Amino acid sequence: MIEIRALTKYFGSSLVLDRVDLDVARHEVVCLIGASGSGKSTLLRCINRLIEPDWGEIRIDGRTVTDPGWGRTGLQQRVGIVFQSYNLFPHMRVIDNITLAPRKVLRQSRAQAEEQALETLALFGMERFARAYPEQLSGGQQQRVALARALAGQPEVLLLDEVTAALDPELVGEVMEAIRSLKARGLTMVIVTHEMGFARDLADRVCFLDGGRIVEEAAPAQLFNAPEHPRTRQFLERLLEGGRL
Amino acid sequence: MIPDQPTTPPPPPRRRGFDWRRAFLPGLISAASILAVFGTLTWLITQNENWPRIQRQFFSVDHMLAALPRVAQGFLTNLQVWLIAMACIALWALVLAVVRSLRGPWFAPFRLMVMLYVDIFRGLPALLLVILFGFGIPALRIAGLPSSGLFWGGVAMVLSYSAYVCEIYRSGIDAVHEGQRSAARALGLNEGQVMLYAILPQALRNAVPSLMNIVVALQKDVALLSVIGVRDAVREAQIYTASTFNYSSLVVAALLFLLATIPMARLADWITHRDRKRRLQMAEET
Ligand SMILES: Nc1ncnc2c1ncn2[C@@H]1O[C@H](COP(=O)(O)OP(=O)(O)OP(=O)(O)O)[C@@H](O)[C@H]1O
Ligand SMILES: [Mg+2]
């Protein structure tokens with residue numbers, strides 16, 4: 001479903017992504033792990049063109065993301081993204097956050113968009129908060145709203161960038177539960193995470209990034225139990241010492 | 001010596017009855033000292049041998065009452081110009097700020113134009129612009145252009161103030177977190193929709209405290225139009241002074257200005273204060 005070839009990105013003169021190849025099959029969940037600054041977020045943001053790469057190619061369903069055939073918003077409809085800091089619009093109610101894109105981009109009627117939004121919220125047990133403002137919600141609740149917002153255009157691919165990293169530990173579970181339910185519904189997901197337990201549990205495949213390269217990719221059991229690359233081993237050992245594995 | 005741990009919690013402290021001294025003494029002291037200081041000042045001023053003359057020149061009740069109707073009439077002009085100018089400035093500056101914030105190389109000439117505009121109009125005294133436009137343009141006698149000094153003076157005010165307000169809007173736009181733009185773009189909104197639905201509402205909210213101060217300043221600066229002959233409150237007061245050699249009419253105008261600006265300034269302070277509290281709260285949460 002997603003094919004990435006030789007993806008390369010410089011910020012100024014520093015090489016942030018170095019000839020990355022990655023394939024993600026339909027319904028597959030791929031986790032990206034790696035040290036801070038290894039280029040995980042950049043890779044994710046290239047997929048939906050929040051960042052334009054310098055070299056290489058990204059295809060979704062065989063069509064490059066820069067193809068004008070996508071139309072102005074076709075790509076954004078197929079690919080949703082959720083950020084670490086939720087980035088909900090603080091001046092809009094939950095329901096308006098979610099229905100903004102369906103109404104303004106897909107030109108749905110308000111009634112239709114709201115009905116769908118409520119369904120998505122109900123999926124995460126959040127329908128009670130439709131009329132609330134983001135600041136009235138806990139971090140975990142805000143992140144579930146952000147998930148609902150990303151799902152409003154009914155994308156087939158969901159990109160998640162450390163969606164639990166800003167949450168208090170006791171709130172992480174509810175967001176993970178929401179993501180798990182999305183996997184069950186067959187969404188294709190690329191997930192950047194520091195929660196190794198989550199990656200082990202949910203991923204079909206884990207990719208370890210180091211210095212802008214994918215140095216190792218394998219099934220989670222394989223990668224966590226018997227890492228082959230020395231850099232992967234070093235990274236996992238350091239996590240183990242920090243008690244985060 | 002550390003006392004033993006009591007077996008039961010100690011009783012609550014005994015409530016004292018209403019303490020008159022605590023409740024009223026500080027207030028009494030403030031009132032008394034204010035009275036003493038201001039009383040002394042008043043006494044010193046009124047004992048001055050020049051006081052009767054000062055009083056006649058500036059605070060003559062008869063002259064004040066006589067001047068009030070015209071000065072008040074002029075002040076209505078101030079308020080009208082102020083309201084219209086405010087609306088024009090708010091809109092025009094918004095256009096400038098949005099153009100200034102457009103990204104992409106194609107917009108470079110427009111961004112440059114706004115930059116020049118802001119530099120020029122912020123760098124020039126509003127008074128100079130008022131005279132230049134208010135006298136200069138009607139003197140051209142170009143057919144089809146309005147010839148009223150009031151109109152062109154107002155235009156000068158709008159041009160000058162828009163430069164400031166454009167910068168206020170722009171810092172409001174810049175203060176919106178970059179993540180908001182990413183989120184909006186990722187939802188498929190186009191550049192204009194990102195601005196309209198995601199950025200501007202937050203930017204305007206950021207800008208409100210500074211805008212309130214501009215509103216107060218503008219209300220006073222409308223008086224600049226009096227130099228090109230617009231019969232505002234200051235002009236009317238001056239005319240009265242010219243025929244009577246008494247300055248009480250200007251004091252009337254001053255009182256009218258204060259009557260309008262002080263409540264607005266208080267409102268501005270209150271909004272700023274509320275806004276600061278809101279920000280602190282938000283900073284705590286993140
Ligand atoms: N907009 C930008 N401009 C310049 N440099 C950037 C920009 N975004 C990221 N970088 C740099 O690119 C490198 C990779 O950043 P990226 O955010 O992709 O890392 P990451 O793996 O997501 O790290 P983290 O785990 O901390 O989120 C970093 O060194 C970062 O400083
Ligand atoms: Mg990141």
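Guide: A helix here is a DSSP run of H or I of at least four residues, numbered from the N terminus. Note also that this is a predicted model.

Visitor: What makes Thr77(B) a helix residue?
Guide: Thr77(B) falls in helix 3 of chain B, which covers residues 61–101.

Visitor: Which residues is Thr77(B) in contact with, leaving aside its neighbours within four places in sequence?
Guide: Contact requires heavy atoms within 4.5 Å. Val230(B), Arg231(B) and Asp232(B) meet that rule with Thr77(B).

Visitor: How far apart are Thr77(B) and Thr40(B) in sequence and in space?
Guide: They are separated by 37 residues in sequence, and their C-alpha atoms are 40 Å apart.

Visitor: Why is the pair Asp61(A) and Arg26(A) called a salt bridge?
Guide: The term needs a side-chain nitrogen of Lys or Arg within 4 Å of a carboxyl oxygen of Asp or Glu. For Asp61(A) and Arg26(A) the closest N and O atoms are 3.1 Å apart, so the pair qualifies. In general, side chains of opposite charge can pair when their charged atoms come close.

Visitor: How many salt bridges does the rule count over all chains?
Guide: The count is 25. Across the interface of chain B and chain A, however, the rule finds zero.

Visitor: What polar contact is there between chain B and chain A?
Guide: Six residue pairs are in polar contact there, both residues of each pair being at pLDDT 80 or more. On the side of chain B that touches chain A, helix 7 (178–186) and helix 8 (191–221) each supply at least two residues. Helix 7 of chain B gives the most, with seven residues. By class, that side has eight nonpolar, seven polar and one charged residues.

Visitor: How many residues of each chain are in contact, and what area is buried between them?
Guide: In chain B 16 residues are in contact with 22 residues of chain A. The buried area is about 1700 Å², with carbon and sulfur atoms giving 61% of it. Within chain B, Ala186(B), Leu187(B) and Tyr197(B) lose the most area to chain A, together 32% of what that side buries.

Visitor: What makes Lys40(A) a polar contact of ligand 1?
Guide: The cut-off for a pair of N or O atoms is 3.5 Å. A polar side-chain atom of Lys40(A) is 2.9 Å from an oxygen atom of ligand 1, so the pair is within the limit. Glu162(A) also has a side-chain N or O atom 3.1 Å from an oxygen atom of the ligand. For Ser38(A), a backbone N or O atom lies 3.2 Å from a ligand oxygen.

Visitor: Which helix gives the most to the shell around ligand 1?
Guide: Helix 1 of chain A (residues 40–47) does, with three residues. By class, the shell has three nonpolar, seven polar and two charged residues.

Notes
Residues are numbered from 1 along each chain as its sequence is written. Chains are lettered from A and ligands numbered from 1 in the order in which they are written. This is a predicted model: local features need pLDDT of at least 70, side-chain atom pairs count only at pLDDT 80 or more; totals for chains, interfaces and linings use all residues. Side-chain values use heavy atoms; hydrogens and water are left out. A polar contact is a pair of N or O atoms within 3.5 Å; within protein, one must be able to donate a hydrogen and the other to accept it, and residues adjacent in sequence count only if both atoms are side-chain atoms. Ala, Val, Leu, Ile, Met, Phe, Trp, Tyr, Cys and Pro count as nonpolar, Asp, Glu, Lys and Arg as charged, and the others, Gly among them, as polar. Buried area is the accessible area (1.4 Å probe) that two parts lose on being put together, summed over both.
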